[in-house]
Structure formats: structure tokens, C-alpha cells
Amino acid sequence: MTGVQTCALPIYSPVSTEDKATSDSASSEPPSTGSTQGNLTPEPTTVKCEGFALCVTGEVVKVINGKTFYVNIQNKVYKVELALIELPLQSEEAMRAATTFTRNTCLGSNVLIDQDDGQKVNSFIAQVYCSPTKHLNSMLLQTGYVQLDKSQCQSSEFSKLDWAKFYGC
């Protein structure tokens with residue numbers, strides 16, 4: 001599956017900053033997950049995956065840690081790793097908290113997986129939506145259980161998105 005793809009998982013669209021009278025850039029609140037910064041509107045739309053890599057939905061069947069899990073897609077199970085996410089290797093408590101958070105947020109859920117164009121072709125490194133309003137990559141960063149993997153900022157297509165910029169890309 002290549003090309004810009006639209007998946008049938010409803011998600012709320014961010015309000016464009018062009019529509020706002022003031023800028024949110026000085027805010028301490030994380031921005032929305034989309035390409036434009038702002039508050040989420042109450043009207044659902046359809047998620048549009050970034051770039052040209054794989055865009056699929058599947059059910060999370062096993063969580064390995066906060067950033068790695070397995071997804072059943074059309075009766076085949078694939079390993080998925082979250083783009084731009086680095087686990088806190090020094091803190092076992094934070095690792096457990098990140099794993100528990102991912103498990104509670106996504107296990108058993110039908111998720112949207114937007115594969116990162118900038119990563120290896122055969123890898124499943126992605127941004128993931130666990131529900132219409134749960135963007136897992138940014139939610140984990142917001143909890144503080146994980147950090148931004150700045151080594152991916154140069155190659156990841158997601159580094160240009162507001163959530164990635166907010167956390168340091």
C-alpha cells in the first residue's frame with residue numbers, strides 16, 4: 001500500500017493556527033497531534049496518514065513495552081515500534097509505567113498505524129492512534145514516562161508535526 005491513504009478511523013481535526021487570533025507557541029500545553037497547531041474541534045473527520053508509507057488498521061494483541069507491541073492485521077501479526085520514542089533505560093519504574101500506560105490505552109483496541117517514511121522499509125516504525133482521540137506517541141511523551149528519540153528527528157517524517165516539535169525535534 002503506497003501513496004497518501006485515508007483510513008476509516010475517525011479522529012478530531014486540529015484548528016489551524018491561521019484561524020486563531022493569537023499564537024499557541026508560548027503555551028506549556030502540548031499541541032494537537034496534527035500538522036497544524038491548536039485545539040481539537042468537536043467535529044470528527046477521517047485520519048489521513050502522513051507521507052507515502054503503509055497506513056493500516058489492526059488490533060493490538062500483545063504489549064512488549066511502552067513503545068513496542070504486536071498488532072493483528074488481516075490475520076497476520078506484526079511488530080510495531082513507536083516513532084520518535086525512547087524508553088527510559090535507567091529507570092525500571094518508568095519502563096513499567098510506560099508499558100502499563102500503553103497496555104491500558106491500546107491493548108485489544110483497533111489502532112491506526114501510520115508507518116514512518118523515513119525509517120527502514122521493512123520496519124514497522126510508526127505513529128499510532130489507539131482510538132479516535134488517543135495519539136499514543138504524543139500521549140506517552142506527555143506522561144513523562146518516555147523521552148523523544150532525537151536521533152530520529154533528522155530522518156522521521158513525523159519530526160515536522162507539532163507534537164514532535166513541542167517535545168524537541
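Author: Let's start with α1. Its buried residues are Ala-94, Ala-98, Thr-99, Phe-101, Thr-102, Thr-105 and Cys-106. Keep in mind that this is a predicted model.

Reader: Where do the buried residues of α1 fall, seen down the axis?
Author: They fall within an arc of 160 degrees, so they line one face of the helix. As a general point, an α-helix has 3.6 residues a turn, so residues three or four places apart point the same way.

Reader: What sits on the face turned away from the buried side of α1?
Author: That face carries the exposed residues Glu-92, Glu-93 and Asn-104.

Reader: How far apart are the end C-alpha atoms of α1?
Author: They are 21 Å apart. The 15 residues of α1, at 1.5 Å a residue, should span 21 Å, which agrees.

Reader: What follows α1?
Author: Gly-108 does, and its phi is positive, near 85 degrees.

Reader: New topic. How many aromatic pairs does the structure hold?
Author: Three. One of them is Phe-101 with Tyr-145, an edge-to-face pair. The rings are 6.3 Å centre to centre, with 65 degrees between the planes.

Reader: Which parts does that pair tie together?
Author: Phe-101 lies in α1 (residues 92-106), and Tyr-145 is in the loop between α2 (136-143) and β10 (147-148), so the pair links parts that are 44 residues apart in sequence.

Reader: Is Phe-101 buried or exposed?
Author: Phe-101 is buried, with a relative accessible area of 19%. The cut-off for buried is under 20%. Tyr-145 is partly exposed, at 30%.

Reader: What about Phe-166 and Tyr-167? Why is that pair edge-to-face?
Author: Their ring centres are 4.9 Å apart and their planes are at 80 degrees, so the pair is edge-to-face. Phe-166 is partly exposed, with a relative accessible area of 34%. Tyr-167 is also partly exposed, at 21%.

Reader: On to the inside. How many residues has the largest nonpolar core?
Author: It has 32 residues. Those with the most contacts inside this core are Phe-69, Val-71, Val-80, Leu-84, Ile-113, Val-128 and Leu-136.

Reader: Which elements supply at least two residues each?
Author: β3, β4, β5 (76-82), α1, β7 (110-115), β8, α2 and α3 (162-166). β8 gives the most, with four residues.

Reader: What else lies apart from that core?
Author: Another core, of five residues. Among them are Val-47, Cys-49, Cys-55 and Leu-112.

Reader: Back to Val-71. What does Val-71 touch?
Author: Leaving out residues up to four places away in sequence, Val-71 touches Gly-58, Glu-59, Val-60, Val-61, Lys-76, Val-77, Tyr-78, Val-80, Val-111 and Ile-113.

Reader: And β8? How many of its residues are buried?
Author: Seven of the seven, so β8 is largely enclosed by the rest of the structure.

Reader: In which sense do β5 and β8 pair, parallel or antiparallel?
Author: Parallel, over two bridges. Leu-82 has Ala-126 in β8 as its bridge partner.

Reader: And β7 with β8?
Author: That pairing is antiparallel, over four bridges. Ile-113 stands opposite Val-128 in β8.

Reader: How many bridges join β8 to β9?
Author: Two, and these strands run antiparallel. Ser-131 has Lys-134 in β9 as its bridge partner. β8 and β9 form a hairpin, with two residues between them.

Definitions and conventions
Residues numbered from 1 in each chain as written. Predicted model: local features only at pLDDT ≥ 70, side-chain atom pairs only at ≥ 80, totals over all residues. Heavy atoms only, no water. Phe/Tyr/Trp six-rings, centres within 6.5 Å; stacked < 30°, edge-to-face > 60°. Buried < 20%, exposed > 50% of the residue type's maximum accessible area, 1.4 Å probe, protein only. Expected span 1.5 Å × (residues − 1). Arc of directions from axis to C-beta. Core = buried A, V, L, I, M, F, W, Y, C linked by side-chain atoms within 4.5 Å. Contact = heavy atoms within 4.5 Å. Pairing = 2+ DSSP bridges.
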